[in-house]
Amino acid sequence: MGVDMSNNNPPNNDFFASPALSLSLAGIFRGAAAISGGVEEGDEGSGGGGTSRRDDTVEISSENSGPVRSRSDDADFLINNADDDDDDDEDDGGDDKGKKKKKRKRYHRHTAEQIREMEALFKESPHPDEKQRQQLSKQLGLHPRQVKFWFQNRRTQIKAIQERHENSLLKTELEKFRDENKSLRDNIHKSACPNCGFATASGDTNLAADGQQQLKIENARLKAEVEKLKAMVGKYPHGTISHTATCPSSSDQESKSTLDLYTGVFGIDKATIMDAVNQALEELKKMALSGEPLWLTSVETGREILNYDEYLREVCADSSSGERPKRSIEASRDSRVVFVDLPKLVQTFMDVEMFPSLISRAAVVDIICNGEDPNRNGAVQLMYAELQMLTPTVPTREVYFVRYCKQLNAEQWAIVDVSIDKLEDNIDASLIKFRKRPSGCIIEDKSNGHCKVTWVEHLECQKTTVHSLYRSMVNSGLAFGAKRWMSTLQLQCERSVFLMATNVPTKDSTGVATLAGRKSILKLAQRMTCNFCRALGASSFNTWTKVTTKSGEDVKVTSRKNLNNPGEPIGVILCAVFSVWLAVSPTVLFDFLRDDAHRHEWDVMAKGCQVKSIANLAKGQDRGNAVGIQTLKSKENMTWALQDSSTNTYESMVVYAPVDTTSIQSVMTGCDSSSVAVLPSGFSILPDGMESRSLVLTSTQEKNTEGGSLLTIAIQAVTNGSPTSKLTAESVEPVTSLILTVLENIKRSLECDDG
């Protein structure tokens, strides 16, 4: 389901941002006290038209968690004094003709203390109710309307900043597509005769045909990007943003004609979309809540298998989608309990920045219906998502779909995703390889801060070429199935709980003295892991090239240039990736790679060094879900490294990066970590057991890989400190050799071999 469509360095937003969450981890997963998630999110101009509740919170205080200067301290919003009697019209004595003019209104400038107090409440509750506003106004000596207007302006400011940033990212990506388009046109022109226009040779004919096909695909992508940019520009009132902030660098006439390519949502009226999503909702409820004979349990794997004949007979009896599809079908279902209250979970699903390991790019293309406040009941939006595995050897899946958020009853909500017929008519057919049949989840509130989520994933897929290592996993539906979605969701919920917790057992938080320091370290580790996932996948913003090493191994490499992003080192960055099957269990491999006592066995940089753990912070129930800080001390110098390890029932990751000593020490005291430069490398581990094998027995069975692991190694390095320099073969060879050295060290230490 859908996450962020941006450049290579997306903003690091907290998952399920909930500053009011205050928890005691000792009793979290045994059933915590009830958490009320309803917050006011009514009309900006209304006077708090709905009642709301807020969580009971515990103030976090420490010597390093003082007030943080916000943009409002600099902007210092000027609020109209609504109760000032001087707002009435008065005569202007200086006017010779006796005309009346409105006297200039007086404005009230808030003090620094008032702004700090309102900022503190804004972080906990951006939509305070009337009771909260009354209490704050008495505390600060302000009128309740002044407090209300300040919060409205603050929300508007935050939203405008985010949208301007997203708009800038879309502009950059659009310009990239234009450059690629121009390059393809030049190649086609060079391969054709200037007199007749035909290819100059038989060999050039294929080149021209391939170039035309690529040009057609790129043009379709460009149209989709323009449509997303159009949707983003439509969010701003007329005249509030300059052309340079919203349009590519071309003439106004070109921008106008490009942005006016489509009307509405790809030409589909709202009534048609609403009929389709309501029909999809009914199908999802049947798919999620029905048992046998619709879903049968596999004796061999324990997985639920869709009985497609029963599906066509019972579920799709009145649906036009009941025809047998020409493409293959993937259907899966999984159900688990996650620790997050229902309103926060529903709000998060309407965001596009989710599941960093699963979604490489995502965007809200258009809003069909905003839904009812505060939880957006009935919201409908057109979305785009690019799904990935953490390896460049598996192609990504691009899908357009409509997402529908609907409250079923007081305790249940439904999030429905469905691709609508004729929606893709304006998109090149070669791009629409995957379509969502009614998919999504049913969320049930357990009234103790927990939710039961039943996830259904149902897709039509066009067969694509997949590397033999991952072929069985992709063909069996595990790679993008409900189990992976639920495992990732459960892990992210745990991470959010531990991030906001104020009562953490000492054994789960060593080496960091304050809560502010703990939170800063966890945020830095989360940003590092998100950047790692983004750099590793086969998304279209990563152009992968196969490099054959001296030993004959094929390593995939890509490069990018960082000009001014403080979150990464400046210069030309090379990313090299290699995937392999190893005859060792995923658990053993994960524990070996994350253990600092074994680091010197595989890490070339740690060879001959004394590795010492400085801090260890838990971020989940499993002991493998932790963030650590290590020092690598040699005779000459000492290097600090940040490590983030995570594991769930689907996959495991170990991500690490060297960090500047002074910067990491300041982050440990609670300072902001957003400007700390990290360049992550690491490992992705997938199990390769019985569950990934084909469910159909044939006379020619593939090699039994039960108990093995699919290991992907990724190493990133700065090849040149100047962003304007070019990547050379001499700079690539050391990095590719380093990957193979790390692999050999792992196999030697674990006494295992590859396939």
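Residues are termed buried when their relative accessible area is under 20%, exposed when it is over 50%, and partly exposed in between (1.4 Å probe, protein chains only). The structure is a predicted model, in which local features need pLDDT of at least 70 and side-chain atom pairs count only at pLDDT 80 or more, whereas totals for chains, interfaces and linings use all residues. Residues are numbered from 1 along each chain as its sequence is written, and side-chain values use heavy atoms, with hydrogens and water left out.

Helices (H or I, at least four residues) and strands (E, at least two) are DSSP runs numbered from the N terminus. E751, in the segment after helix 17 (729–750), has a positive phi of about 55 degrees although this residue is not a glycine. With 76% relative accessibility, E751 is exposed. A cis peptide bond, with omega of about 5 degrees, links E292 to P293; P293 is placed in the loop between helix 8 (270–289) and strand 5 (295–297).

A salt bridge is defined as a side-chain nitrogen of Lys or Arg within 4 Å of a carboxyl oxygen of Asp or Glu. Across the whole structure, 22 salt bridges are found. One of them pairs R154 with E119 at 2.9 Å, N to O. Because R154 lies in helix 4 (residues 144–190) and E119 in helix 2 (residues 112–124), this pair ties together parts that are 35 residues apart in sequence. R154 is buried at 5% relative accessible area, and E119 is buried at 6%.

A salt bridge also joins R361 and E173 (2.4 Å, N to O). R361 belongs to strand 8 (residues 359–369) and E173 to helix 4, so the pair connects parts 188 residues apart in sequence.
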